[in-house]
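Please look over the sequence and the model shown here before reading on. The paragraphs after them go from the whole chain to single residues.

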Amino acid sequence: NNTVIINDMISFCIEREFTPVLVIPPMHHSLSNKFTPKIRKILFGFMLDGIKNGNVKFLNYMDDERFCNDNSLFQDAFFLNEKGAKLFTNKLLFDLGLTQ
C-alpha cells in the first residue's frame with residue numbers, strides 16, 4: 001500500500017512539473033539504533049524498489065552523524081528541535097542545490 005501512495009504522490013508532483021524528493025530526516029541515535037538492517041530493508045528498501053519512476057531523488061539522513069549524535073538538536077528521540085530543524089533545513093536545501 002505504501003508504494004501505491006508514494007507513486008501517486010510522485011505522479012502528482014511530476015504532472016505539475018514539481019521535482020519529487022524522498023527524504024528521511026535525521027533521528028536521534030537512541031532511536032535509529034533500534035532499526036536493524038532487516039527492518040530498514042522492510043521500511044525503505046521495499047518502498048524504494050516499488051517506485052516506478054527511477055528519477056526520484058532519495059536522501060537519507062537517518063544516521064547522519066552531524067545530527068543524530070547531538071542531543072542539543074532534538075526535543076526527543078523522534079523530533080528535531082528548532083535549532084536542529086533549522087540546521088537540517090539548511091543542509092537539505094544545500095544538498096538539493098537550492099542554496100550555497
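What follows describes the overall layout, then an aromatic cluster, the cysteines, and a surface patch. This is a predicted model, in which local features need pLDDT of at least 70 and side-chain atom pairs count only at pLDDT 80 or more, while totals for chains, interfaces and linings use all residues. Residues are numbered from 1 along each chain as its sequence is written, and side-chain values use heavy atoms, with hydrogens and water left out.

The protein chain contains five helices and two strands. Helices (H or I, at least four residues) and strands (E, at least two) are DSSP runs, numbered from the N terminus. Starting at the N terminus, the elements come in the order α-β-α-α-β-α-α. The C-alpha trace spans about 40 × 35 × 15 Å along its principal axes. The chain has 100 residues, of which 30% count as buried. Here buried means under 20% relative accessible area, exposed means over 50%, and partly exposed lies in between (1.4 Å probe, protein chains only). Accessible areas come from the Shrake-Rupley method with a 1.4 Å probe; for residues, only the protein chains shown count as cover. Contact means heavy atoms within 4.5 Å. Among contacts between residues at least 6 apart in sequence, 67% join residues at least 24 apart.

Next come the aromatic rings. Rings of Phe, Tyr and Trp (its six-membered ring) pair if their centres lie within 6.5 Å; planes under 30 degrees apart count as stacked, over 60 as edge-to-face and the rest as tilted. The count by this rule is three aromatic pairs. One of them joins Tyr61 and Phe88 edge-to-face, at 5.1 Å centre to centre with 80° between the planes. This pair links distant parts of the chain, 27 residues apart: Tyr61 is in the loop between β2 (57–60) and α4 (65–68), and Phe88 is in helix α5 (residues 82–95). Tyr61 counts as buried because its relative accessibility is 4%, and Phe88 counts as buried at 9%. Phe67 and Phe88 also form an edge-to-face pair, with 5.8 Å centre to centre and 85° between the planes. That pair too links distant parts of the chain, with Phe67 in helix α4 and Phe88 in helix α5, 21 residues apart. Phe67 has 4% relative accessibility and therefore counts as buried. Together, Tyr61, Phe67 and Phe88 form one aromatic cluster.

How many disulfides are there? With a disulfide taken as a pair of cysteine sulfur atoms within 2.5 Å, the count is zero. Cys13 is partly exposed, because its relative accessible area is 21%. Cys68 has a relative accessible area of 5%, so Cys68 is buried.

Ile39, Ile42, Leu43 and Phe46 make a nonpolar surface patch of about 350 Å². Patches are made of residues with over 30% relative accessible area and no salt bridge: like charges are joined within 9 Å, nonpolar side chains (Val, Leu, Ile, Met, Phe, Trp, Tyr) within 5 Å. A salt bridge is a side-chain nitrogen of Lys or Arg within 4 Å of a carboxyl oxygen of Asp or Glu. Leu43 lies in helix α3 (residues 37–49) and counts as partly exposed because its relative accessibility is 39%. Lys41 is in helix α3 and is partly exposed, with a relative accessible area of 39%. Leaving aside neighbours within four places in sequence, Lys41 is in contact with Phe46 and Asp49. The C-alpha atoms of Lys41 and Phe74 are separated by 25 Å, and the two residues are 33 residues apart along the chain.
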